[in-house]
Amino acid sequence: MTEKSRRGRLEGKVAIIVGASRGIGEGIARDFAKEGARVVIVCSRTIERAKKIAEEINQQYGAGRAIAVQADASVEEDVKRMVEKTLEAFGEIDILVYCAGINKPGSVKTYSLEDFERITKVNYTGYFLCVKHVARVMAEQHKRDPTRIMDIIQINSKSGLQGSKKNFAYAGSKFGGIGLTQSFALELWEDGIKVNAICPGNYFKSSLWSDPEKGMLVQYLKVGKVPGAKTIEDVKKYYISKVPMGRGCEIEDIMRAIYYVIEQKYETGQAIPVTGGQVMLK
């Protein structure tokens, strides 16, 4: 059986992945396509990269399996256009994955309001706006077919489960995201929508962690978040040492959690850690 002909776990479903031009979001988009979904690759700036990913998916799994859409999730008109383009291309929406996220660590004593508001807009407000407009479509679909169950998934963080020294803006936005997830779950189940969060640990392969200029490893070194660290490698070793399983998170680990919440018919409002034991639920 060829890749194009095999039936996957998401066969026939339409998924929007916000923040899918790199890192975890890209990994999710590619894996969803492999499992039979039609995917919308949403990015705020790097549209050429998003188009390239869509082209590769269409070449690998068949024409019309993926489209790229440029949209800033923190701008409501962009989110409306994202939904419109999805419906024009595929006619429906089964899954929304909100994977957009930015970070800038620093001390609360010197942190700028501009940076705080920028992180909040992307990590928190954007999630709200995407849920607002996608949930309307999903609710109508459920009204037409009450047996239809859909999923909204926020890619959160271990920093949404415990505080993070000199990283309060990011952690606060992620704590808030879990509050939104639980609240959306309570409201939207009547529309056939499950809402859950996945909380990955240290995904070192992502640009969020490893970008040589803006990644968390270099930023943590600069702000002195890791005592005694003199190099980026020192910072990375410190974070690996905090993980009982002794390694960083991989996209396969995250995908197993995502498929669990999609396939599990009796769970909503959860924040599921994928941290190798670094964060354990109490």
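## Arg-148

A polar contact of 3.0 Å joins the side chain of Arg-148 to the side chain of Glu-92. The model is predicted. Arg-148 sits in the loop that runs between helix H4 (113-144) and strand S5 (150-155).

Is Arg-148 buried or exposed? Its relative accessible area is 18%, and the limit for buried is under 20%, so Arg-148 counts as buried. Leaving aside residues up to four places away in sequence, Arg-148 touches Glu-92, Ile-93, Asp-94, Gln-141, His-142 and Gly-192.

## Cysteines

How many disulfides are there? With a disulfide taken as two cysteine sulfur atoms within 2.5 Å, the count is 0. Cys-130 takes part in none, and the nearest cysteine sulfur to it, that of Cys-99, is 12 Å away. Cys-130 has a relative accessibility of 0% and therefore counts as buried.

Cys-199 is likewise in no disulfide; its nearest cysteine sulfur belongs to Cys-249, at 11 Å. The relative accessible area of Cys-199 is 0%, so this residue is buried.

## Enclosed space

Rolling a probe the size of a water molecule over the atoms shows where empty space is left. In this structure there is 1 cavity of 30 Å³ or more. The largest cavity holds about 40 Å³ of space.

Which residues line the largest cavity? They are Lys-13, Ile-95, Ile-149, Asp-151, Ile-262 and Lys-265. Sorted by class, this lining has 3 nonpolar residues, 3 charged residues and no polar ones.

## Largest pocket

The largest pocket has a volume of about 1200 Å³. Its lining consists of 47 residues, and those nearest the pocket centre are Arg-45, Gly-101, Ile-102, Ser-207 and Leu-208. Two or more lining residues come from each of these elements: helix H1 (23-34), strand S2 (38-43), H4, helix H5 (168-188), helix H6 (207-210) and helix H7 (216-223).

What is the make-up of the pocket lining by class? It has 20 nonpolar, 18 polar and 9 charged residues.

Terms used. Residues numbered from 1 in each chain as written. Predicted model: local features only at pLDDT ≥ 70, side-chain atom pairs only at ≥ 80, totals over all residues. Heavy atoms only, no water. Buried < 20%, exposed > 50% of the residue type's maximum accessible area, 1.4 Å probe, protein only. 1 Å grid on protein atoms, 1.4 Å probe; cavity = no way out; pocket = protein on both sides within 12 Å on 5 of 7 lines; lining within 4 Å. Points joined across faces, edges and corners; volume = space filled by probe spheres on them. Nonpolar A, V, L, I, M, F, W, Y, C, P; charged D, E, K, R; others polar. Helix = DSSP H or I, 4+ residues; strand = E, 2+ residues; numbered from the N terminus. Polar contact = N/O pair within 3.5 Å; in protein donor to acceptor, adjacent residues only side chain to side chain. Contact = heavy atoms within 4.5 Å.
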